[in-house]
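Hi,

Here is the structure I promised to pass on. My notes follow below it.

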Protein chains: 2
Amino acid sequence: MRWSRYFLPLLKETPADAQIISHQLMLRAGMIRQSSAGIYSWLPLGLRVLSKVEQIVREEMNAAGAHEVLMPTIQPAELWQESGRSEDYGKEMLRVTDRHERPMLYGPTHEEVVTDIFRRSVKSYRDLPINLYQIQWKFRDEIRPRFGVMRGREFLMKDNYSFDLDFAGALRSYDNMFVAYLKTFRRMGLTAIPMRAESGAIGGNLSHEFQILASTGESEVFFDAAFEEIDFLRDQPDIEELKALYAATDDQHDPEICQVPPERLRTGRGIEVGHIFYFGTKYSRPMGATVMGPDGQEVPVEMGSYGIGVSRLVGALIEAFHDEDGIIWPEPVAPFRVGLINLRVGDAACDDAVDRIAAGLERAGVEVLVDDREENAGAKFATVDLIGLPWQVVVGPRGVRQGVVELKHRSTGERTELSPEAAIVRLAA
Amino acid sequence: MRWSRYFLPLLKETPADAQIISHQLMLRAGMIRQSSAGIYSWLPLGLRVLSKVEQIVREEMNAAGAHEVLMPTIQPAELWQESGRSEDYGKEMLRVTDRHERPMLYGPTHEEVVTDIFRRSVKSYRDLPINLYQIQWKFRDEIRPRFGVMRGREFLMKDNYSFDLDFAGALRSYDNMFVAYLKTFRRMGLTAIPMRAESGAIGGNLSHEFQILASTGESEVFFDAAFEEIDFLRDQPDIEELKALYAATDDQHDPEICQVPPERLRTGRGIEVGHIFYFGTKYSRPMGATVMGPDGQEVPVEMGSYGIGVSRLVGALIEAFHDEDGIIWPEPVAPFRVGLINLRVGDAACDDAVDRIAAGLERAGVEVLVDDREENAGAKFATVDLIGLPWQVVVGPRGVRQGVVELKHRSTGERTELSPEAAIVRLAA
């Protein structure tokens, strides 16, 4: 992609109302624009990251045996009367009345809708277990939206719902998601800590919250070093051992009780990015979502629900990966892998070298953003640091005469001079 | 994918309120479920088609130089005050009041939001042309929603917006989209006829509507045979010649005036699936979206907008491609390429042959749905015809003993007996 043909409107000044670093950097890097309080438009650079996060979540849900559906944003209020949850969300629920005066709402979550689909579709225990997920926009009318996409009103969630015949099955579904979440966050380069949690408005009696570590996190957490050490993408850790690993927020943590040896106890700051719930028959019973069991008896289905804040994760990733110069994207979610800087646009040798490197990278399937703006070198270096692409290739007149370009790794700052061909080979690997 | 682990709830009966064939077939084939009037949940099979249609649209927009963004569903009503369009949509606009009593709305279209992004981001003609698109859910509170996803209230649109310095530039952008639309529909196996149209609520004075041909189409259309003959994916037809080709709805068509030779005049029934508009400064002028021109003067930017009904297209494709037995998906949008039928589940030889064929196809990247249900052969044949997968592979005990399976092409009905290995090779091609 050529910057000159791209839509990447940077902000020079940090907007005064952006209090946290991810919000500031997303605005400055032209990733988002506020539309109204807590509601954002995603510009091309931001949407690329959002789509990559979404795709990783999708792949891990598919790998875990969940099936993707898409439920509507606008739900009939009567379903919430049936579940008895109509008042639980209070003013955070965006209520809507349609032209025929029917009460509707913009879904803050979808337990009711999915239970309605289930009860109209599934009749027998033979069709269980079922796990349905969606990646869909939701709305919570926060009284004071802030922190950018970290706490927006319109936000993208992955939410899924498991249906099982009995508690043992429901627990297997819960454990399956527990592991899938650890894998999902690890694929984005994040360390996630699962912590026992309260169930809140979703209900139920078994729940874990997943916090990712970031120096700017909301709360202090204490955890067993194993969460950093286990390779969740390769190892198949025992689920009971995983769930037994120590993890506590600072108000829960008690050094007197904590049995983790001091050298194995880690501390950090956490940001909540996921939450899983087992709530049994809380929705299936009032809504009549039953299946015929093996003994011929109808029983309400056992359910759980599982959420990941997809748009929130984009902010959380920046909170976890940035420095004073800007964002440092982990490769799996970077909007482009390479920023290719032409230091002298209009110089035939530079232009030619840039064209060849860009073509070589694109042929190899490497996503590259070419900075072909007529800006000075300082501005270009600052920009590519700001937007945080993992690799920078700098093409200048002196280097081109010597047959070399400079390769810089954003995260380590390491610089290497090498031939354009060698740069292509290295980045295509 | 194994049917026994999938979520594909077929309906035995055609719901009485489904009047048109695509609505009936989508419900029967377990693609969608109604949530409330004109509002649907997309089940796994339907969502696969929706995602494929969406991806084809995305690729063609990218190829045409448009950049993907994502604007929020909930818009501030004040933007519509600025554009002067607040009353134009009347009761079709879903109006919402948030907890702070701010008037908002669920966007039926996004001209105002995108113009707001533009005016806050772009200042100079040097940054033009710009073409931004999104694929986003919209809401129109139809008084009498019907025809399933063909005329839903919550629906998925691809909408994009072009920004140019002057009329000549805007016309180039318009023409660029004109051709991109013909390519997009052709990639789905559809013949689309562009017709001069009224601008309606979008405004402006140049507009084309794209109708695809289907025997069940809403209105009769007359058109030059060239629309069927040109290979829009390979040829680069002259845009002026394209736009001059004859196309008229029955109320416009006048045999006295039509200059197409009778042997070149085609007739068919059409379904509107796209609409493009040039409207100049209708939004940029009242909203102050100006750029500095080459002469140093500020001028309002010239705009156009372009829509494709993505969820509507899923219904329109079925209207175009079905027979009395069910859907006949064109390969590029089929939810799975192959339906693999095990006629005797539990028979070791059949199970083994099915496993080997499924594994071979999946290794080759072919999407396959394995019917491993305990149903009789008739039910399985009827189902795979109903859901319309392009190819069927039938594995039965007699064939397995002879080392053959049956390959059936859904669209032609042609059947071939061949070895499992040959079937894999043929379907992987």
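Let me start with helix α11 (residues 377–387) of chain B: K380(B), T383(B), V384(B), D385(B) and I387(B) are buried there (20 or more other C-beta atoms within 10 Å of a residue's own, C-beta atoms placed from the backbone). Helices are DSSP runs of H or I with at least four residues, strands are E runs of at least two, and both are numbered from the N terminus. The buried residues of α11(B) pack against α2 (44–63), β18 (326–327), β19 (338–342), β20 (368–371) and β21 (391–395) of chain B, where contact is C-beta atoms within 7 Å, placed from the backbone. After α11(B) comes G388(B), with a positive phi near 80 degrees.

Some bookkeeping: this is a predicted model, with local features needing pLDDT of at least 70, side-chain atom pairs counting only at pLDDT 80 or more, and totals for chains, interfaces and linings using all residues. Residues are numbered from 1 along each chain as its sequence is written, while chains are lettered from A and ligands numbered from 1 in the order in which they are written.

Lastly, chain A has an open five-stranded sheet with mixed pairing, in the order β20-β19-β21-β22-β23 (strands pair if DSSP finds at least two bridges between them). Its edge strands are β20 (368–371) and β23 (415–418) of chain A.

Cheers

Note on methods
Buried ≥ 20, exposed ≤ 12 C-beta atoms within 10 Å, placed from the backbone. Contact = placed C-beta atoms within 7 Å.
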